Amino acid sequence: MFQEVQKILKKYFGYSSFKKGQEEIIASILQEKDTLGIMPTGGGKSLCYQVPALLLPGITLVISPLISLMKDQVDALDNLGIPSTFINSSLDQQELEHRIYSASRGKYKLLYVAPERLESERFLQMLKNIPVSLLAIDEAHCVSQWGHDFRPSYLSIAALVNQLTRRPIVAAFTATATVNVKQDIINLLSLQKPNVYVTGFDRENLTFSVIKGVNKINFITDYLNSHKNQAGIIYAATRKEVDKLYRHLHEKGYRVGKYHAGLNDDERNQNQEAFIYDNIDTMIATNAFGMGIDKSNVRYVIHFNMPKNMESYYQEAGRAGRDGDPAECILLYGASDQHIQKFLIEKTLLSSDRKSNEYKKLQNMVDYCHTSQCLRKYILEYFGETNTNGKCGNCSNCNDESELADITIEAQKIFSCIKRMGEQYGATFVANVLRGSNSKRVHELGFNKLSTYGIMKEYSIREIIDLINLLIAEEYLHVTEGQYPVVQIRRKAIPVLRGEERVMQKVQKKLSAANVDSSLFELLRSLRKEISQKENIPPYVVFHDSTLHEMCKYFPTDRQSMLTITGVGESKFHKYGNQFIEVIQKYMDDHGISPRPVKIDSSAAQEHKKPSHLITYQMYREGKSLDDIARERDLTPITIQDHLVRCSQEGCAVDWDTFIPPEYEEQIFQTIRQLGTEKLKPIKEALPDQIDYFAIKAVICKYMIRKIPQAT
Ligand code: ADP
Ligand code: ZN
């Protein structure tokens, strides 16, 4: 079976290895177990049901929440040579019946349906004629009111499962890992004793940054200038902000589009298409945009405002870099962001319980913006991962190359001006007084007589406001809530005013531009665009950026070498291979480039990139003993043991029973229950000497981490 799966992976999808967790999830489904896969956005969930769909008899019914994307998903499968179709409200009754009929005749392997369909009794009747082997539920958190995208029609799914002539295998997928949501998915979708797989939440190719106290608009324009021709999303908190930012950037000639719930359906669809087809570079949007968007070449996601919680942030930021190439996630923090979010929470009709839950999550989000520890570590721990590295080396806190500038004098001027104005005015008015504005209001209030009037003449209003924002973010100043926020002094500012403490500002060095300028890449990109227009499919459905980059690296010029490129399967080779080879060949001739060694498509080539614990895992899967692996790899047995623990936590299957002495299993388990898993030493000491640490770790993995025990 395993070989079958590998073959399909290569033949249809053009991949030679799995992403984390995929293999286990596919195996679980093929063993006819209900399965819940919790993977981050971009983790590769679709493949987890698409591969089984090809191996199982009958059809795989996919419940997918966004109608607008079904066509893209089906086009993408078409392009891989996998027969599939969709049913949603865009079809007329005749077409719908025709598709159902074809499905019942075995014409498709996958059938995508919107959840709202399931509310129609008639439709459920029609489904009875279709041999459904697997029911795959995408974005399964939509079934839960605790989740962020509750969709009532997801509640009809359980009824569907029971109505089908034969109960299908049910597999649910989501990126939301909170306990409430997980339990809701299992209960409300009536999963039967599901295998639950939680893969690591880390997205190694994403760089996380939080940037405070900058002029956000200037930052964005600088960023867009240095990232031309790259696709990205800018999220803002409200429609108004989106409109404003859009107008500004559009007028300056940037290739931008916008998306929010205030636009009509046509506008939204058009703008979304333009983005998906690379006709615009940057989408400016509220959080209404993006669910289910699987455009893989999004190179940056910038949050113009802080979102309401870490769940939303990670989901939105996670839309960057799905193709595995480096991508940036930048959050521009401003102190007023908090007020917007509080206002939005207040406006909801949530019960007070839920509201206070939302406030708590908001606070966690604010803490993320202020933490000085590794941002990735913060994120992963928020989502419940332990064992995270102290420093990832790929976030703005780990790579903090900023220089420190002393802004004590400026801070003192600002503080004392605020004080003299009676702590009753907003940042802009304070800035006006500091700059020495001649406005009527300043004179009426007599502020032109203050000793701080005009003492920051050499700065622009914008610069002074930025400084004030920075001092707010660093908690020297406080802004009141409400419609007319007022800036006040906090205790932390007092020693600065007295000259006892200094204020330092981090001056951010320019962020690295993740763009490799390659003229071959541009040639391949325009060929891709040409094909995309001709076939009316998005460019990334032709090939992902990462696939084009690999072509630039290996210069494949024949069938064999082309097929070793990640993302080139047989169907795509057949359709596009020769066109791409032609461009590559011409480029090589023009530039006098000699043929490169073929990319070696065996595991040996990947060995270099592969993290050490996964190499151990592979050897383990080949049946080697841990001692043998240690010897062969010249590592200590303890390291090898730790590798297995880590693999297990990342969702790889490990047969822990072989490492647990059966006669002690119960005793170890009870001891862990009593003492908790914080520290291993007390557990070891409480147990008989012959039980080693590894047996204890094995029990922890077996019971606590690998499979989440059933509630029932
Ligand atoms: P999710 O639904 O979990 O957000 P997708 O299913 O859209 O993620 O997959 C994310 C990206 O990863 C897609 O571009 C997909 O083609 C790619 N991908 C999936 N599985 C693999 C794999 N085994 N090897 C390489 N790329 C993969
Ligand atoms: Zn880090």
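Asp545 counts as buried, because its relative accessibility is 5% and the cut-off for that label is under 20%. This residue belongs to helix H23, which covers residues 545–554. Its side chain has a partner: there is a polar contact with the side chain of Arg528, at 3.0 Å. Keep in mind that all of this comes from a predicted model.

At 5% relative accessibility, Asn305 counts as buried. This time the residue is in a loop, the one that runs between strand E12 (298–303) and helix H12 (310–317).

Now try Lys128. With a relative accessible area of 34%, Lys128 is partly exposed, because that label is for values between the buried limit of 20% and the exposed limit of 50%. Lys128 is in a loop as well, between helix H6 (121–127) and strand E5 (132–137).

On to the zinc ion, ligand 2. Which residues hold the donors? The protein supplies four SG atoms, from Cys374, Cys392, Cys395 and Cys398, and they lie 2.3 to 2.4 Å from the zinc ion. The angles subtended by these 4 donor atoms run from 101 to 118°, which makes the arrangement tetrahedral. For comparison, the ideal angle for four tetrahedral donors is 109.5 degrees. Written as a sequence pattern, the spacing of the donor residues is C-x17-C-x2-C-x2-C. Cys374 sits in the loop between helix H14 (352–370) and helix H15 (375–382), while Cys398 sits in the loop between H15 and strand E14 (403–406), so this pair ties together parts that are 24 residues apart in sequence. Both of these cysteines are covered: Cys374 counts as buried because its relative accessibility is 4%, and Cys398 is buried too, with a relative accessible area of 16%.

The other ligand, ligand 1, has 15 residues around it, and the closest are Tyr15, Ser17, Gly42, Ser46 and Arg322. How does this shell divide by residue type? There are 9 polar residues, 3 nonpolar and 3 charged. If you'd like individual atom pairs to look at, start with a nitrogen atom of ligand 1 that is 2.9 Å from a polar backbone atom of Ser17. Gln22 uses its side chain instead, placing a polar atom 2.9 Å from a nitrogen atom of the ligand. For an oxygen atom of ligand 1, go to Gly43, where a backbone N or O atom lies 3.3 Å away. As for surface, ligand 1 taken alone exposes 570 Å², and the protein buries 86% of that.

The last stop is helix H27, residues 612–621. H27 is mostly covered, with 7 of its 10 residues buried. Those buried residues are His613, Leu614, Ile615, Thr616, Tyr617, Met619 and Tyr620. Just after the helix ends, have a look at the backbone of Gly623, which takes a positive phi of about 100°.

Conventions:
Residues are numbered from 1 along each chain as its sequence is written. Chains are lettered from A and ligands numbered from 1 in the order in which they are written. This is a predicted model: local features need pLDDT of at least 70, side-chain atom pairs count only at pLDDT 80 or more; totals for chains, interfaces and linings use all residues. Side-chain values use heavy atoms; hydrogens and water are left out. Donors are N, O and S atoms within 2.8 Å of the metal (3.2 Å for Na, K and Ca); water is not among the atoms, so sites may look incomplete. Four donors count as tetrahedral if all angles lie between 85 and 135 degrees; four count as square planar and six as octahedral if opposite donors are over 155 degrees apart and all others between 65 and 115; anything else is irregular. Helices (H or I, at least four residues) and strands (E, at least two) are DSSP runs, numbered from the N terminus. Buried means under 20% relative accessible area, exposed over 50%, partly exposed in between (1.4 Å probe, protein chains only). A residue is near a molecule or strand if one of its heavy atoms lies within 4 Å of it. A polar contact is a pair of N or O atoms within 3.5 Å; within protein, one must be able to donate a hydrogen and the other to accept it, and residues adjacent in sequence count only if both atoms are side-chain atoms. Accessible areas come from the Shrake-Rupley method with a 1.4 Å probe; for residues, only the protein chains shown count as cover. Ala, Val, Leu, Ile, Met, Phe, Trp, Tyr, Cys and Pro count as nonpolar, Asp, Glu, Lys and Arg as charged, and the others, Gly among them, as polar.
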